[in-house]
Amino acid sequence: MTKLYKKIKEIQGDSLCINNEKSLGDLKLVNIISIFDEIDKIGRKMRILQFENRILYDTALAIHTSASLQELLDIILARLTTHTNADFGLIFLLDGDELTLKSHSNISEKNIEKKSFRIGEGLVGWTVHKGEGMLTQNVKRDYRYIRCVDNTKAQITIPIKMYERVLGVLVLGSEKISYFTDSDFKLINTISGEIGLAINNARLTEKLKKENQNNQVLFELTKKITASVDLNKVAEIGVKTIAEVIGAQSCVLAVSDEESNSLKIIASYGIVEKNQQLLELNGTIEEAFHKKYPVGIKINDGYAYSIPLLSMKNCIGILHVHAENVLSKDEIELINSAVTPLSTALENALLYKNIENLALRDGLTNMYNYRYFQEVLDEYVKQAELYNAHLSLVMLDIDNFKQYNDTYGHPVGDLLLKKITDVMQNNLRPNDIIARYGGDEFSIILPNTDIKEASTIMERIKNTISAHEFKIEDEKEKTDEEALGESSFKDDNILRKSFKRWIADKWVLNKFKTMSKSFNITISVGICSLADVHYDKEALIKNADKASLESKQKGKNQVSIWKPLTTE
């Protein structure tokens, strides 16, 4: 307005000086035209300022009101496309050395022919390479142009920067040649820095939110798993939490079983093969288990990840995840963070289970001990009485067991006990309970089994045991190890090993030189039905023991059934 005022004053002064001249009218016309030119220029500048202010305001508003990075990109791009009357708008963000399409305006995604550019590729990649924006009035005349949207004629390509670091590229396109002006280009170039700051702030905000969410997940996971010492419960909580957070198709947790040299599945979530009990030790699972670091691989229907669960020195198990899409860095970091407390909780649960097993199981045969047998029989008796169900109790012992011990030594006797328990386990059902009652005597609880079924089962077991030829030569090496405790004792001390071997040679092996090389074992079995003793636990045990004694009196290698009519 100051320029306009000065111009008017100049015209007024000039007009006073030439009032009497003939060219007065022409001069007035020229001056009026000049005035309007100035007014028009000022008006254009004011419109540009208003335009800039409006865009800056919209950008600032988007920064403060957007709930996410994606929403921010969409809003900014929509505003710029509208204000410049562009036919379309695109925003690419830089990830490593590749620019990937993250937002589009005024065009459907299916009509975008190219959605990523390498640095230096096309106008988009060239802009990042040079770090400068470009106004291209006719893209077909630029050798660097690679078609992204069909029928593009003019294009503004601006790097989105935060200070000097390029975050991405803004593209505004038109289907008309020379559509955009220098003012459009300068304006978009000016506010690209503000857009860069907004994008960076949105990213930081999202990262903080994600970290907060992950910390909350880890806190809840740790709180839940450390509150329990139940192995299966700990595993189920860990698997469910991780699978849900990353949206996995399936997640399986398996622990190492040294005896069977396998990975036993103790918890699973999602799409898992029915009745799958073992995790095959091959591929990524084997690599992760032996090398003790996470391994991922692309498979036919997605991606597989195997993460080792580590104790202080060993791998105690594997977390195997199957995802439809490749996991992001944040998801991988979350899994790695979750694995540490999960591994610790599993190790504690395994330790507790081992201690519990020591308290409940016989150290030699690994069958339940007398204490557990008494406790569990109480529960089975209550349940059978409540539901009027069948239950049979078996008492058995090895015929002439003392003779085997005296003749062949306790190491052979121990192997004999183990062999018999193996046969029993292989011929019984998962719900049947085997307990070492004492010495060479065992008890078996057969739930939901009447006396006839129990007799059939025990006849089969008796015949299997009596038919087996127990060979000392087959068991010699194993007997040495059992006698010396070397099967569970691993020592690199050569002198200690040599000494133990010398003892074995002088003590154990010398005994075998004068003995029979093979023999057969028999058992005497007694069975009693719970219904026949009117659900009296003590009577059940007593009468099953009586039936076992009856089998011995009949000549051994027998199965006898206690009947109420034959009681004294």
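In this predicted model, Cys315 has a relative accessibility of 7% and is therefore classed as buried. Cys148 is likewise buried, its relative accessible area being 8%. The number of disulfides in the model is 0, a disulfide being a pair of cysteine sulfur atoms within 2.5 Å.

Across the whole structure, 6 aromatic pairs are found. One of them joins Phe92 and Phe117, whose ring centres lie 5.5 Å apart; because the planes meet at 80°, the arrangement is edge-to-face. Phe92 belongs to strand β1 (residues 88-95) and Phe117 to strand β3 (residues 116-118), so this contact ties together parts separated by 25 residues in sequence. Both partners are assigned to the buried class: Phe92 has a relative accessibility of 0%, and Phe117 has a relative accessibility of 2%.

A further aromatic pair is made by Phe373 and Tyr437, again described as edge-to-face, with 5.6 Å from centre to centre and 80° between the planes. Here the partners come from a helix and a strand: Phe373 lies in helix α9 (residues 370-387) and Tyr437 in strand β14 (residues 433-438), so the pair links parts that are 64 residues apart in sequence. The two residues fall into separate accessibility classes, since Phe373 is buried with a relative accessible area of 0%, whereas Tyr437, at 22% relative accessibility, counts as partly exposed.

Lysine side chains accompany some aromatic rings. The ring of Phe117, already noted as the partner of Phe92, has the charged end of Lys114 over it, at 5.1 Å from the ring centre.

Strand pairing was then considered for β7, β8 and β9. Strand β7 (residues 250-257) pairs with strand β8 (residues 262-270) in the antiparallel sense, through 8 bridges. Within this pairing, Val252 is placed opposite Ser268 of β8. Strand β8 is also joined to strand β9 (residues 278-279), in this case by 2 bridges, and these two strands likewise run antiparallel. Leu263 stands opposite Leu279 of β9.

Note on methods:
Residues numbered from 1 in each chain as written. Predicted model: local features only at pLDDT ≥ 70, side-chain atom pairs only at ≥ 80, totals over all residues. Heavy atoms only, no water. Buried < 20%, exposed > 50% of the residue type's maximum accessible area, 1.4 Å probe, protein only. Phe/Tyr/Trp six-rings, centres within 6.5 Å; stacked < 30°, edge-to-face > 60°. Helix = DSSP H or I, 4+ residues; strand = E, 2+ residues; numbered from the N terminus. Lys NZ or Arg CZ within 6 Å of the ring centre and 35° of its normal. Pairing = 2+ DSSP bridges.
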